[in-house]
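This report describes the fold of a single protein, moving between individual residues and the elements around them. Please keep the sequence and the structure in view while reading.

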Amino acid sequence: MLEKLRNQLQQLTPQRLDHVVMPEAAVLMPIVERPAPTLLFTRRASHLSTHSGQVAFPGGKREPFDADLYATALREAEEEIALDPALVEPLGRLSDVISLHGIRVTPWVGIIPPDLPLVADPGELDAIFEVPLSHFLDDHRTHTDVITVDGVAHYVPSYHVDGHVIWGLSAMMLVELLVEGFGMPIDLYQRPKGPLRHHPERKNRLSTSSMTVSGSAPLRSKQ
């Protein structure tokens with residue numbers, strides 16, 4: 001499974017939004033190298049003023065001293081969950097997305113060893129947890145969020161796992177990983193089977209090359 005992922009991401013040419021001038025951020029999507037591989041997530045602390053309790057990947061804004069956005073992802077992962085950057089095997093980047101708050105976010109995929117002594121930074125997080133990749137590859141979504149931007153409906157899967165809700169930005173990044181890394185047939189512009197949850201329509205307030213949905217869930221426009 002992971003060898004296929006390595007090969008697929010090496011061949012991937014992700015969408016880059018370098019022409020969009022705005023603050024930059026990066027996240028690390030850590031895949032734990034277990035016999036049945038898992039994907040590692042974090043949950044933002046409940047005391048935070050923004051996005052409290054939301055599930056996310058380790059990451060944050062780029063600092064001036066970061067050599068590049070991959071360095072940003074590694075630094076943030078070390079700060080948030082005490083992940084040693086030397087233990088991350090980089091597989092590649094996914095497409096840039098733009099948040100509702102006007103931040104360009106670049107996801108990076110990496111493999112990490114199992115059972116590391118990871119510790120959540122209590123100032124930012126209150127949980128670190130793993131979900132088997134098979135849960136997503138078997139499409140165990142709880143429902144699909146229907147998010148309409150400028151009249152275009154986007155069907156974004158939502159997953160509920162052990163009390164955690166994986167949706168929005170995290171789900172969007174996850175979908176690209178499943179599609180590009182594993183060839184999973186998910187079409188964000190075709191209505192899937194199962195229950196739908198409709199959200200109020202939004203207008204795209206950013207460039208025409210990207211869309212934003214929900215509070216922390218950006219979508220790229222259909223190409």
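## A proline in a loop

Setting aside residues up to four places away in sequence, P37 touches M1, L2, I31, V32, P132 and L133. The model is a predicted one, and in it P37 lies in the loop that runs between strand 1 (24–32) and strand 2 (38–44). P132, one of the residues that P37 touches, is 95 residues away along the chain, yet the C-alpha atoms of P37 and P132 are separated by 6.0 Å.

Although P37 belongs to a loop, its relative accessible area is 10%. P37 therefore counts as buried, because this value falls under the 20% limit.

## Two further buried positions

R6 is found in helix 1, which spans residues 2–11. With neighbours within four places in sequence left aside, R6 is in contact with E33, E89, L91 and I111. The relative accessibility of R6 is 17%, so this arginine is also classed as buried, the limit being under 20%.

I98 has its place in strand 6, made of residues 97–98, and is buried with a relative accessible area of 1%. Between I98 and V20 there are 9.2 Å from C-alpha to C-alpha, while the two positions are 78 residues apart in sequence.

## The protein as a whole

The protein contains 4 helices and 14 strands, and 53% of its 223 residues count as buried. Among contacts between residues at least 6 apart in sequence, 67% join residues that are at least 24 apart. The protein exposes about 10,300 Å², of which carbon and sulfur atoms supply 52%.

## An open sheet and its helix

An open sheet is formed by 4 strands in the order 11-10-9-12, with mixed pairing. Its edges are strand 11 (164–166) and strand 12 (196–198), each of which pairs on one side only. From one strand to the next, the twist averages 30°.

Strands of a sheet pair through backbone hydrogen bonds, in either a parallel or an antiparallel manner. Here strand 9 (residues 143–149) and strand 10 (residues 152–161) run antiparallel and are joined by 7 bridges. V149 has V152 of strand 10 as its bridge partner. Helix 4 (residues 168–182) packs on the sheet, where it touches strand 10 and strand 11, and the direction of helix 4 makes about 95° with that of strand 10.

## Nonpolar cores

Which residues have the most contacts inside the largest nonpolar core? They are I31, L39, F41, F136, I166 and L177, in a core of 42 residues. Helix 4 provides the largest share of this core, namely 9 residues. I31, one of the residues with the most contacts inside the core, is also among those touched by P37.

The surroundings of F136 can be followed in more detail. Leaving aside neighbours within four places in sequence, F136 is in contact with L39, F41, V131, Y159, I166, L174, L178 and M184.

Notes
Residues are numbered from 1 along each chain as its sequence is written. This is a predicted model: local features need pLDDT of at least 70, side-chain atom pairs count only at pLDDT 80 or more; totals for chains, interfaces and linings use all residues. Side-chain values use heavy atoms; hydrogens and water are left out. Helices (H or I, at least four residues) and strands (E, at least two) are DSSP runs, numbered from the N terminus. Buried means under 20% relative accessible area, exposed over 50%, partly exposed in between (1.4 Å probe, protein chains only). Contact means heavy atoms within 4.5 Å. Two strands pair if DSSP finds at least two bridges between them. Axes are lines fitted to C-alpha atoms, for helices over the stretch in contact, and angles run from 0 to 180 degrees between N-to-C directions. Accessible areas come from the Shrake-Rupley method with a 1.4 Å probe; for residues, only the protein chains shown count as cover. A nonpolar core is a set of buried Ala, Val, Leu, Ile, Met, Phe, Trp, Tyr and Cys residues joined through side-chain atoms within 4.5 Å.
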